[in-house]
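Here is a brief report on selected features of the structure shown below. Please keep the view open while reading.

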Amino acid sequence: MGGEIRFLLNGAPRIVKDAAPTTTVLDFLRLGERASGTKEGCAEGDCGACTVVLGEAADEGIRWQAINSCIAFLPQIDGKILLTVEGLAEAEALHPVQKALVDHDASQCGFCTPGFAMALFAFQHGGESPAPDAVHEALAGNLCRCTGYRPIIAAAEAVAGATDRFDAAAPALLEALAALTQGGSISLEHQGERSFAPSSLDELLALRAEHPDAHLLAGGTDLALFVTKEYRTLPTVILLTRVPELRHLAVDGDAVTIGAAVTYTNALPVIERYWPSFARLIRRIGSRQIRNLGTIGGNIANASPIGDTPPALIALGATLRLRSRRGSREMPLEDFFIGYRKTALAADEIVESLRIPLPQAAQRFRTDKIAKRWDQDIAAVCAAFNLTIRAGRIEAARIAYGGMAATPRRAARTEAALIGRAWDLPTVEIATAALAEDFQPIGDWRAGAAYRRDVAANLLRRFWLETARPDLPLEVMAL
Amino acid sequence: MNDAPALGIAGAPGTAQHHDSARLHVTGRAQFIDDVAEPPGLLHCKLVTSPYAHARILGIDKRAAVAMPGVVAVLTAEDFPGANDVGPILRDEPCLAADVVEYAGQAVAIVAAETLAAARQAAKRVAVAYEPLPPILSIEAALAAERYVAPPQMIERGDPDAALAAAPHRLKGRLRTGGQDHFYLEGQIATATPRDDGSMLIQSSTQHPTEVQHGVAHVLNVPFAAVVVEVRRMGGAFGGKESQATQIAALAALVAARTGRPAKLRLARDDDMIVTGKRHDFLIDWDVGFDGEGRILGLDMRLAARAGNVADLSPAVMTRALCHVDNVYFLPAVRLRGYVCKTNTVSNTAFRGFGGPQGMIGTEAMIEEIARHLDLPFETVRARNHYGPPPRATTPYGQEVEDNIIPLLTAKLAASAELAERRAAIDRFNRASPVIRKGLATFAVKFGISFNIPTLNQAGALVHVYTDGSVHLNHGGTEMGQGLFVKVAQVVADVFQIDLGHVRVSATSTDKVPNTSATAASSGSDLNGMAAHNAATEIRGRMAAVAAAHFGVPAHPVTFSANRVYAGNRSVSFAEAAKLAWQHRVSLSAAGFYRTPNLSWDPKTMRGRPFYYFAYGIAASEVAIDTLTGEYRALRTDIVHDCGRSLNPAIDRGQIEGGFVQGMGWLTMEELWWDEEGHLRTHAPSTYKIPGSRDIPADFRVHILEGSPNPAPTIFRSKAVGEPPLMLALSVWLALRDAVASLGDHRFPVMLDAPATPERVLAAVDDMRRRVASS
């Protein structure tokens, strides 16, 4: 195994050997490089002041993706191009995103501005339209407390589709990256902390068996908070993202298979194709920065009671493939969650992949998320409904909720109340009564118990209204 | 004073200019305190804080922490050379808790180490033994126990009891408003560097360098002159760095003084939100009497604020709240009582608006209820209660409203926002839409400009002209993003008639301009702009005299124009004129001073003329709510705002938009949530949600009122703009209430407090449906 991290920083090679493997990219920049343009606003990936851009080889040139440097560990950027605000301008010539921010008076205090500049850089290179939805999606990971965003939105509209010197520089950058990059596995050890980045499934399973207490790191968007918020040390970390099998994404026959280390961003197009409602929910998980690192596998293995994706996946009948050196097994996702933040994963096992059956005829699916803010908020309640309705009658029902119990789980009584009945308002009211039996939610800072209960029932009502009253406006976001 | 700035220079007042640091911001080169190169030997600090809302400290065992690698010092209340106190008004605010902790998160010790990581690890090992005591957490509990951080305040005029008793109609109501975290992106931070003469250099992210200077001096027991406080820029402040920065700087200075090494204290986001104060939450009760036309005849209103553990700025916040209950309305017989409740929660503090928003919100809800009670249009009832010509022009605290432009703003908004047509369209939409409901509301603000305490309304500036014609400007105001530096530089450029680029502004520093007031109360440009104007005018006079003598013309026809100085038929460049003055041994440096005239305030009777003038604005907002989930969206907002004659329309527009969205956050999604033990559980952006780009009005139209110079002779007849637009967000909150009211055909009261989270909106919807069903 190689014992160093290699990447390009604003075009210049960096080889890091003597650093704790849980050193964040932000600390590397600010403390190691003394490059202070990138800011720490929250150390939890929620404000975007630390936004940097990672580049990697793609079909056409370089694919640039914004990430939160405050919650990315150094091993995660091995083999990448790291671009920071210091690398945008060429001498005194501002980059187009910087110029647009100046021209539109889009900075006041300026502390969030470098992060916005980097988010805009990724937006500009993403080839997206300047439509409001696209702009908000690109900016959702960046908070500004001064401007009220209007001028930043204007700057985004101005740079959509613009070209810059990085387009022309791509071949040279990729050449430099290729010359620097190391294949294979990496391990790093520093003052009692060590990390492994295996490059094959066998190697991963061996490490997992050997280090049952190790933390598994996929996107790290949750794991990193142990370090950045609780100041804990993680003695052993195993990075999953270099294992090709875990990055596998395919539509095979009657299902979509998503490797455990596939990011939300990479999974999104295929999910969009089959389940637009699920794709809409995924676009509300964290932000671009989070989804560029975070994985659906991590979201599942993390076993949050809310989970965001698990209710939808449970309703869709998704199954998990778990693997260890002892072999592999498959289980329905709802069986994986066995208690508050507890899963069925054995100490030597990993989540290998997720399998979602493709939509069937007569199935209606919808998933919803309720939070205080549309973008980048953790849900108070997540709901997912998957009904098979033929000739007006419900033949099958899979309904799951998050935020309503210690784990994301199915609403068994509600499903039973629906199956066999006509899909009409009386049935819906019977089902919402059953729902009250299914869950006894608690109240916390995200929502009170009564609200969780009421809104959970209302989401089922809205699902019905969507089919019964297509003439009515049902979404404020659609206005 | 020139009323109209002359043309002929780049960057004249009245023109849109970018923020002076815009290029530095976008390139990441703008240095905030944590970005400044660290001096050798710098120590990094971490606070040890109380897990209890109220407890006696039985003992602090530092041994394990001190023994950890890299740890240099662990300091507690026993380690202060001077006073362990940083209270801005009263001396009641310990820097580190001594015997008792009074809120969860109160600092009890500070750890200093070679690295931040080491300090954080060691802080976990400081063992503090507590004996928990029962806490008082809520406003109601404090009111019941009559526990206040300062005496109750009252503004009274006429005989409200008699007016209420005689009124044909009478309504009572209650409203709660939540607090708000400032969520400046740059957390609290200070670096203290001991100097060879025993003095201390403090770099602090503070709106109030002088208060930091005093706080550090008290803590270290040194003269004020032995402390220099410097601040180039803050990464946002919004009032949160007015008094709260003092403790941070004082603790860094304590470490520096005790160790002899430079020390930096930077609060991580969670610590920042848990340890430092916020906007006050209020409980508002009213009893109002009115006639059949909706005219208010008598009002008895009680405002109770959660002050937290110490006085801090809470008494002043309450005074401003009481002085803004009237907002744009004439209240003939009125009693306004204010209680600043002492609770075992973090000390609430200044926040953009400084009590004004909380003062106004209850009145708006009340007038809305009067309109519903009488089945009159809200706008009609508001107009009938607006200030008018005397005798309807006197505020409850006795100041005449002489500059009322509410009718003008109302007319402009009604036309530009097409209010009548949209109201009709919304009613049509709502009749056909059982699930999604729209609401529309307007709100007009009148905000008093000046610190309520007349003494604070003073400022100083220092201007140097160099012999190459470049100008150095320094003043007592601090730059927190609001564009103060560029505005004041525009003023100086105008006085000298030189291009803005020739004027450089340097970091605010207590050794350049002393005894300053906080950059607060929206007063930055008014006060410092005028002080800088005075300093520059002094130098210009000297330069004119030199030029006149040199060219042999009388002084008065000497003019400064377009980077040149004209004397008779001769002219020289501004730089040559400066050099000439130097050659004639005439000083090219001057200190300027300004005090706002005609202010008075009697804190005992709560009467006087506390405000130099009023700033006005008006907004109309349209929203849609989802009656199944309580989710909502701001669809359109139109604003017409009064900046007087704007010094810099680009900067002012930024203040209007930014203030509005911040106000929206306060009134909608930003929810501070404490558990039953008094722990704040929304202490990071993962749990505390400020507006994002998608949350602003989808259609956001901001107009700066044209042709409306300030009647008061302010700097170039401009008006302060920092705070007033925040309150315009009340239009969004009122529109949400309007949407809820539509479910009952606008006939029933709406039970919707602030913040109007989706949860509260759904509860209000359900309450409305119950009222309709049972009627």
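## Helix α1 of chain A

A residue is buried if 20 or more other C-beta atoms lie within 10 Å of its own, and exposed if 12 or fewer do. The model is predicted.

By that count, A:V25, A:L26, A:D27, A:F28, A:L29 and A:R30 are the buried residues of α1(A). The helix spans residues 25–32, and six of its eight residues are buried, so the rest of the structure largely encloses it. Its buried residues pack against β3 (51–57) of chain A. After α1(A) comes A:R34, with a positive phi near 55°.

## Where chain A meets chain B

How many residues of chain A are in contact with chain B? The contact involves 66 residues of chain A and 71 residues of chain B. On the chain A side, five elements are listed as giving two or more residues: α2 (96–103), α3 (113–125), α4 (132–139), α5 (150–159) and α17 (449–468). α17(A) gives the most, with seven residues.

The class make-up of this side of chain A is 37 nonpolar, 15 polar and 14 charged residues.

## Two alanines with positive phi

A:A91 has a positive phi, near 50°, and is not a glycine. It sits in the loop between β5 (81–83) and α2 of chain A. Is A:A91 buried or exposed? A:A91 counts as exposed, because it has 5 C-beta neighbours inside 10 Å.

## Cis peptide bonds in chain B

Which residues does the cis peptide bond with omega of about 10° join? That bond links B:P390 and B:P391. B:P391 lies in the loop between α11 (378–385) and α12 (406–416) of chain B.

Another cis peptide bond joins B:A754 and B:P755, with omega about 0°. B:P755 belongs to the loop between α19 (730–742) and α20 (758–774) of chain B.

Technical notes: Residues are numbered from 1 along each chain as its sequence is written. Chains are lettered from A and ligands numbered from 1 in the order in which they are written. This is a predicted model: local features need pLDDT of at least 70, side-chain atom pairs count only at pLDDT 80 or more; totals for chains, interfaces and linings use all residues. Helices (H or I, at least four residues) and strands (E, at least two) are DSSP runs, numbered from the N terminus. Two residues are in contact if their C-beta atoms, placed from the backbone, lie within 7 Å. Ala, Val, Leu, Ile, Met, Phe, Trp, Tyr, Cys and Pro count as nonpolar, Asp, Glu, Lys and Arg as charged, and the others, Gly among them, as polar.
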